[in-house]
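Hello,

Here is the structure I said I would hand over. Please open it before you read on, and keep the sequence beside it.

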Amino acid sequence: SLDAGASQISVEIRGGGADLIRVTDNGCGIPPDELQLVAQRHATSKIAEASDLEAIATLGFRGEALHSIAAVSQIQLTTRTAADDAAHSLLLQWGSTVSQGVQAAPPGTSVTVRDLFGNVPARRKFLRSPSAEAARVSDLVSRFALAFCEVRFLLTIDGHSVITAPGDSRPVNALAAVYGAEVASGMLEARYSEPAAGGYEVWGFITPPSVTRVNRTYTSFFVNRRWIQSRPLSYALERLAELYRYRDL
């Protein structure tokens, strides 16, 4: 959805995602002649030559992910490009096409996944509890909402709205949607840039000493808006916080 240029993305899950996962966006959509490719295993058109690996600006490869999911679930995909007069839909079950047709829908794409691992129940047993799986989904959507504050995110879990990020390009409002208004209002902006050729910029928000957490769950690092987990960065941030705490003492 983000690679498709969407400005609004809604995510809905039920039963921790095992019963239902639905992602709807207002992005560029999928051309009708490419719709059948979602069920096919293929590489990516985003990398044409080796040098492209050094300048990847996208978040993922749609084909491989949808193929894998389609093989173990029922997928209803509805998509429309701005150039099409109507949307095209495709229904897949266990990787095979069940039906396809034309229907009314706004530009964008909606992917609905039902009965995940329904044809391989042994794999479904390895899923965590519905609440634990829902927490993982919530965590992932939160990271995207923080990294893309210009995109409106809506997360609904079992019929309850969990995250509503306005997508107004104001980082503080994205922080409020994820961490709450009280925490967001007290966060401090930090920025450093290296202007030399090939330099870098570090930018983000930190909490004052009065707002602390007992673990690293609330610490998020992004490189080119990709969420990463880095023990060295976590350690460096903790050491920096300690230095400032001792200085204040």
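**What was found: aromatic rings**

Y200 is partly exposed, with a relative accessible area of 48%. Here buried means under 20% relative accessible area, exposed means over 50%, and partly exposed is in between (1.4 Å probe, protein chains only).

Before the rest, note that this is a predicted model: local features need pLDDT of at least 70, side-chain atom pairs count only at pLDDT 80 or more, and totals for chains, interfaces and linings use all residues. Residues are numbered from 1 along each chain as its sequence is written, and side-chain values use heavy atoms, with hydrogens and water left out.

A pair of aromatic rings is described by the distance of the centres and the angle of the planes. Rings of Phe, Tyr and Trp (its six-membered ring) pair if their centres lie within 6.5 Å; planes under 30 degrees apart count as stacked, over 60 as edge-to-face and the rest as tilted. That rule gives three aromatic pairs. One of them joins Y192 and Y200, with 6.3 Å from centre to centre and 50° between the planes, which is a tilted pair. Y192 is partly exposed at 44% relative accessible area.

W203 and F205 make an edge-to-face pair, because their ring centres are 5.7 Å apart and their planes stand at 70°. W203 is partly exposed, at 41%, and F205 is also partly exposed, at 27%.

**The whole protein**

The protein has six helices and 12 strands. Helices (H or I, at least four residues) and strands (E, at least two) are DSSP runs, numbered from the N terminus. The C-alpha trace spans about 70 × 45 × 30 Å along its principal axes. Of the 249 residues in the protein, 28% are buried. A contact means heavy atoms within 4.5 Å. Among contacts with a separation of 6 or more, 52% come from residues 24 or more positions apart.

**The sheet**

Strands of a sheet pair through backbone hydrogen bonds, either parallel or antiparallel. Two strands are taken as paired if DSSP finds at least two bridges between them. Eight strands form an open sheet with mixed pairing, in the order β5-β4-β3-β6-β2-β1-β7-β8. Its edge strands, β5 (96–103) and β8, each pair on one side only. From one strand to the next, the twist averages 10°.

β7 and β8 run antiparallel and are joined by five bridges. L155 stands opposite I163 in β8. Helix α3 packs on the sheet and touches β1, β7 and β8; the direction of α3 makes about 170° with that of β7. For such angles, axes are lines fitted to C-alpha atoms, for helices over the stretch in contact, and angles run from 0 to 180 degrees between N-to-C directions.

**Helix α3**

How many residues does helix α3 have? Helix α3 (residues 130–147) has 18 residues and reaches 26 Å from its first C-alpha to its last, close to the 26 Å expected at 1.5 Å a residue. The expected span is 1.5 Å times one less than the number of residues.

The buried residues of α3 are E133, A134, S138, V141, S142, R143, A145, L146 and A147. Among the elements that cover them are β1 (8–14), β7 (152–157), β8 (160–165) and α4 (171–179).

**Salt bridges**

Side chains of opposite charge can pair when their charged atoms come close. A salt bridge is a side-chain nitrogen of Lys or Arg within 4 Å of a carboxyl oxygen of Asp or Glu. By that rule there are nine salt bridges.

R124 meets D19 in a salt bridge at 3.3 Å, N to O. This pair links distant parts of the chain, 105 residues apart: R124 is in helix α2 (residues 121–124), and D19 is in the loop between β1 and β2 (20–25). R124 is partly exposed at 27% relative accessibility, and D19 is partly exposed at 44%. R124 also forms a salt bridge with D115, where the closest N and O atoms are 3.2 Å apart. D115 is partly exposed, at 35%.

Within helix α3, D139 and R143 are about one helical turn apart, because four residues separate their positions. They form a salt bridge with the closest N and O atoms 3.1 Å apart. D139 is partly exposed at 28%, whereas R143 is buried at 7%.

Regards
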